[in-house]
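Trainee: I've got a model open and I'd like to talk it through with you. Can we go over the packing, the pockets and the charged pairs?

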Amino acid sequence: MERDKLDFGNEKINKLFGAMFLPTLIGMVFNSILNICDGMFVGHGVGSNALAAINIVAPLFLVCTGVGLMFGIGASVIGSIRLAEGNVKAARIIMTQAYIAGAITRVRDKEHHKKVESAA
């Protein structure tokens, strides 16, 4: 188990980059394969209009995913720092605020989708 341990505080950047590069690359390749397979199934199963709709909505999906990751990762990092300092109350407040911000964003997205659907 000792060989699988990475010390992000003391290791050299080159070694850490090398250790993290391959798993990240494999994940991105599989994600691309998934997108290609989805496009093939939708294109053959439903048709070209559905494939065009997916390609139009894909950037919006990626932006929403990015915003969600921003709230989640940002709050977890700051919350972890507060926990390491022994400040459990601040960590709970940070996580609660991130959850509420995500919920508000989700509600606003739903309202926007309802307006778009009613306009169409």
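Predicted model: local features only at pLDDT ≥ 70, side-chain atom pairs only at ≥ 80, totals over all residues.

Trainee: Which residues of α2 do G39, V42 and G43 in α1 meet?

Mentor: On the α1 side you have G39, V42 and G43. By class, this contact of α1 with α2 holds four nonpolar, three polar and no charged residues. The partners in α2 are S48, A50, L51 and I54.

Trainee: Let me step back a bit. How many helices and strands does the chain have, and in what order do the elements run?

Mentor: There are three helices and zero strands in the chain. Reading from the N terminus on, the order is α-α-α.

Trainee: What percentage of the residues count as buried?

Mentor: The cut-off is a relative accessible area under 20%. A75, for instance, is buried because its relative accessible area is 6%. Over the 120 residues of the chain, the buried share is 8%.

Trainee: On to the pockets. Which element gives the largest share of the lining of the largest pocket?

Mentor: The residues lining the largest pocket include N31, N35 and D38, as well as F61, L62 and T65. Two elements give two or more residues each to that lining, α1 and α2. The largest share is eight residues, and that comes from α2.

Trainee: How much space lies in that largest pocket, and how do the residues of its lining divide by class?

Mentor: Rolling a probe the size of a water molecule over the atoms shows where empty space is left. For the largest pocket, that space is about 370 Å³. Its lining divides into six nonpolar, five polar and one charged.

Trainee: What about the second largest pocket: which elements each supply at least two residues of its lining?

Mentor: This pocket has a volume of about 220 Å³. Among its lining residues are V63, C64 and V67, along with Y99, R106 and D109. By class you get six nonpolar, four polar and two charged residues. The elements that each supply at least two of the lining residues are α2 and α3 (88–119).

Trainee: Now the charged pairs. How many salt bridges does the count come to?

Mentor: Side chains of opposite charge can pair when their charged atoms come close. Another is R82 with E85. The count comes to two.

Trainee: Is E11 buried, partly exposed or exposed?

Mentor: Buried would need a relative accessible area under 20%, and exposed would need one over 50%. E11 has 31% relative accessibility, so this residue counts as partly exposed.

Trainee: And in the R82 pair, which class of exposure does E85 fall into?

Mentor: The closest N and O atoms of R82 and E85 are 3.3 Å apart. R82 has a relative accessible area of 27%, so R82 is partly exposed. E85 has 54%, which means that E85 is exposed.

Trainee: Staying with R82, which residues does R82 touch, not counting those up to four places away in sequence?

Mentor: R82 is found in helix α2. The C-alpha atoms of R82 and I94 are separated by 9.1 Å, although the two are 12 residues apart along the chain. With residues up to four places away left out, R82 touches N87, A90, A91 and I94.

Trainee: Which residues is A75 in contact with, leaving aside neighbours within four places in sequence?

Mentor: A75 is found in helix α2 too. Leaving aside the neighbours within four places, A75 is in contact with M70, I94, M95 and A98.

Trainee: One more for α2: how far apart are the C-alpha atoms of S80 and I94?

Mentor: S80 lies in helix α2. S80 counts as partly exposed because its relative accessibility is 44%. Along the chain, S80 and I94 are 14 residues apart, and their C-alpha atoms are separated by 9.9 Å.

How values were computed
Residues numbered from 1 in each chain as written. Heavy atoms only, no water. Contact = heavy atoms within 4.5 Å. Helix = DSSP H or I, 4+ residues; strand = E, 2+ residues; numbered from the N terminus. Nonpolar A, V, L, I, M, F, W, Y, C, P; charged D, E, K, R; others polar. 1 Å grid on protein atoms, 1.4 Å probe; cavity = no way out; pocket = protein on both sides within 12 Å on 5 of 7 lines; lining within 4 Å. Points joined across faces, edges and corners; volume = space filled by probe spheres on them. Salt bridge = Lys/Arg side-chain N within 4 Å of Asp/Glu carboxyl O. Buried < 20%, exposed > 50% of the residue type's maximum accessible area, 1.4 Å probe, protein only.
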